Structure formats: C-alpha cells, structure tokens
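Here are my notes on this one, written as I went through it. Have the viewer open while you read.

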Amino acid sequence: MNAEINPSTLKITDVRFADIDGAPKRCTLIKVFTNQGIVGYGEVRDASSRTYAAMLKSRILGENPCNVEKIFRRIKQFGGDSRQAGGVCGLEVAMWDIAGKAWGVPVWQLLGGKFRDRIRCYCDTDSEGGGRDMGKALKERMARGFTFLKMDLGIELLMDVPGALSAPLGFLEKMREYKKTVFSTPHGSIDLRAMRGEAYDLFNTAHPFTGIHITEKGLDHLEQYMADVRAEIGYEVPLAIDHLGHIPLEDCIKLAKRLEKYNLAWMEDPVPWQLTNQYVRLANATTTPIGTGEDMYLKESFKPLLESGALAVIHPDILTAGGILETKKIGDLAEEHGVQMSIHMAESPIACLAAVHVAAATRNFMALELHSVDVPWWGDLVNPALRYDGGYISVPDAPGLGIESLNEELIAKNLHPDFPEAWAPTTEWDKEWANDRQWS
Ligand SMILES: [Mg+2]
C-alpha cells in the first residue's frame, strides 16, 4: 500500500469522460478523480450515452469511493436494461479500480481471490460468403490460439436468398433498404436517420411482432451453412451462434432442432430475455443449449430465468449487469442452478479488464468475449497494453484493474467527432438533483 494514501479519507472530487469511436464501437471512457491523486478508470456500455454516467456525478461527489456497495446502492435506481445501465455500471467499475489502488491489491483479490490465472477468450467472427468462408475465418481464429468460437447465424444470411423468408409483403424490402442506407455507417456512430422515424421503429420491433418466418428452404440453407462451417473447423471446438434475427419463438424452435447435431455451445438471445415462458418452451423443445444475458440489469432480472431452468449459459455484460460485484453475484447464482457463465464484452480494454477480474473470481466462468481482435490498436489503449496471446488474457496482479495509465495519444487520435475534447470539465452536472427517495 502506498504510504501517502489513506483509504479512510479518500473522497471523489470529479468525474470526466472521453468518447472514442472505432474500437470498433463507440466507447465512453470514464475517469473518477479523488482528493489523494488516485484516478479510477471506468467505462459506459458500448454504443450507450455518457449522460447515463454524467447525471450521477452530483450523487457521488464527496463520497469515499472505497465504499463501493454503498455508492452502488445509491445509484442503482438510475440503471435500466441494456445500455441504460451503462452509467451505474461504469462508475461501479471505477470505484473498484480506486479501492484496489488505495489498498494496494487487484480487484480479483477483493472479490475473494481467483479460480484461474488466465482467462479464456472467444471472439465474434464476421465473414462474407458461405459457410465454407466462415469456417475458414474461424479456423484463422483457431490458428491464433482461440479455443472457443462464435459466429452469427440467422436471417441476415437469408435476406438475398429467394424464398427463404416470409413476412408481410414489403417488410423485408424496407429492412434491406434501411440496412443499405441508414445502417451502413460504422457501429456505434451516431446517425440521426437511425435515431428516429421509420427505421427506428422497424429495427426496434421485437421478435414476436415482426411477422418474419423462415421457410423450409431457409432452414435448409442455414443448416447447410452450419454443416459447411463444421466441415471446416471440425466438431471438437465449441461454437456458439448469435443474431438469429427477430424471428418468433416457433421459428427458433425449428432452427434449434435442425442445429442439434452440430453440437453448439449455445444459441444466443433467441427471443427477448424478458419472455421467460418462451425460453422455457424453447428449452423444452430442443437439446441445443440456450443462452442470454447481455441486456439484463441486476441479479433480480436473472433470477426468474435461472429458476425456470431454461438456460444452459448466461452471458452478462459487466457494464449492463450491474458492474463487477453484481456480475460476480449473478455468476454465483447461476452456479447454484447448474448454469455456466460466459461474459459479453464489446468495449475498450477498461471494460475487458473489469471482466477479467470477475472471470478470475467466479467459479462457473467459461469464456470472455473479445469484440475487437480486428482492431490492431485496441489493446494499446491502456498501459501496460492488454494482450490476448494464444486466446487467453493473463489475470493481472497490479492494484485495481491493473491499468497504470491510459494511452492519451491514442485516445486523442480516435475521439468521436461529436466529442472532440477528451476529459473536459463536467461542472454542468455538479448540481443535478432530484429527490431520489423511492418511497414516502
Ligand atoms: Mg450477442
């Protein structure tokens, strides 16, 4: 422990942000400053808004950041599902970073110690073309040392296959049109056309309400794609699938049954996680393992699904689930129900390291997602640089998250054009106030 630091008298003095883009999504990085020189690093969930964190600044100024649970319980009411939880979780991560630095121990030690010294990673893989092409792209990941794989398999692959999908006439044409125009911009960038109007409505229609169905021809096509992938990569390596598309439960059942013989690690987010009964129906209809979790906030969201017995896997995102300690609690709850935990992660190395500490300290952890293996500078955003040689990340022993400093030059180079100044003052949030009490 640093002799000049007195954890008992630490106080939060400021909160500031830097928004970067291209990593590959928009990432809002957080610095929490203290009265003793320690700076804690956090991050808002990918493709979210810094406002979710900024509005909490006045509620934590002057608090001792080492009292992580106390601060979390004060601000947790301002989190919500998916990106809406990004502010609460990002600040929680920064508190742990400060607490670890103040007491001189890594975060995993504060969570009860570690089960493992290195964290298995998997990466999402994109590929143009057919199943053989995807198989080759996945094989390249294996050659880099990855021992666990994930790819997309869903209606996106069928959009240009005649007779593969049915939907109210005109609906798919609209989807294709908006895909080409509005959603051709990089992930995470802010596009006014995607923020409002018909495109917003179209892409925010939940699975049961789109009216999209996969035909037998479409199912044949997806099954052949999967067969071609397995022909390339073999059957030994675990393979998860994601982004089925917004199709109703009955189509998920048909697809899941077709894919049983391809031995999937899990089928991800087949329908919205809120629909517990639909998850039960799906799990009862197939032996393909079912997973969900990246849009779920707090342990209480996970409880009904875990108790239902429908899940084989949960994949919380630290920056949505409730931060470091809440995700550890969620993992422990999943373990009680015989469910494995992987971790979703599509943000910067700050979020990745937060996930590494949880993964180290949670017994039923399986694999951590990396979303940026095709972004060469991603790991250099922090010092020391974050590496995943051989498909694993070593669990750091340095205090806090294990980040000495941020690479300010690299951050400056990749700032989001709408937020051209990194770490600008945030005094406009100092007096944000409402009566937060939720009862009278
Ligand atoms: Mg996913």
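Which residues does Cys-121 touch, not counting residues up to four places away in sequence? Point 2 has the list. Before that, this is a predicted model, in which local features need pLDDT of at least 70, side-chain atom pairs count only at pLDDT 80 or more, and totals for chains, interfaces and linings use all residues. Residues are numbered from 1 along each chain as its sequence is written.

1. Start with the core. The largest nonpolar core has 121 residues; such a core is a set of buried Ala, Val, Leu, Ile, Met, Phe, Trp, Tyr and Cys residues joined through C-beta atoms within 7 Å. "Buried" needs 20 or more other C-beta atoms within 10 Å of the residue's own, "exposed" 12 or fewer, and "partly exposed" is in between, with C-beta atoms placed from the backbone. Helix H16 (residues 349-361) gives the largest share of this core, 11 residues. Domain 1 (7-104 + 406-429) and domain 2 (118-400) both contribute residues, so the core lies between them; the domain bounds come from an automatic or database domain assignment.

2. Cys-121 is among the residues with the most contacts inside that core. Cys-121 touches Phe-146, Ala-367, Leu-368, Leu-370, Tyr-388, Gly-391, Tyr-392 and Ile-393, leaving aside residues up to four places away in sequence. Contact here is C-beta atoms, placed from the backbone, within 7 Å.

3. Now look at Gly-90, in helix H4 (residues 86-103). Helices (H or I, at least four residues) and strands (E, at least two) are DSSP runs, numbered from the N terminus. Gly-90 is buried, with 32 other C-beta atoms within 10 Å. Its contacts beyond four places in sequence include Ile-30 and Leu-319.

4. Cis peptide bonds join Ala-23 to Pro-24, with omega about 0 degrees, and Asn-383 to Pro-384, with omega about -5 degrees. Leu-298 has a positive phi, near 80 degrees, and counts as partly exposed with 19 C-beta neighbours inside 10 Å.

Methods
Contact = placed C-beta atoms within 7 Å.
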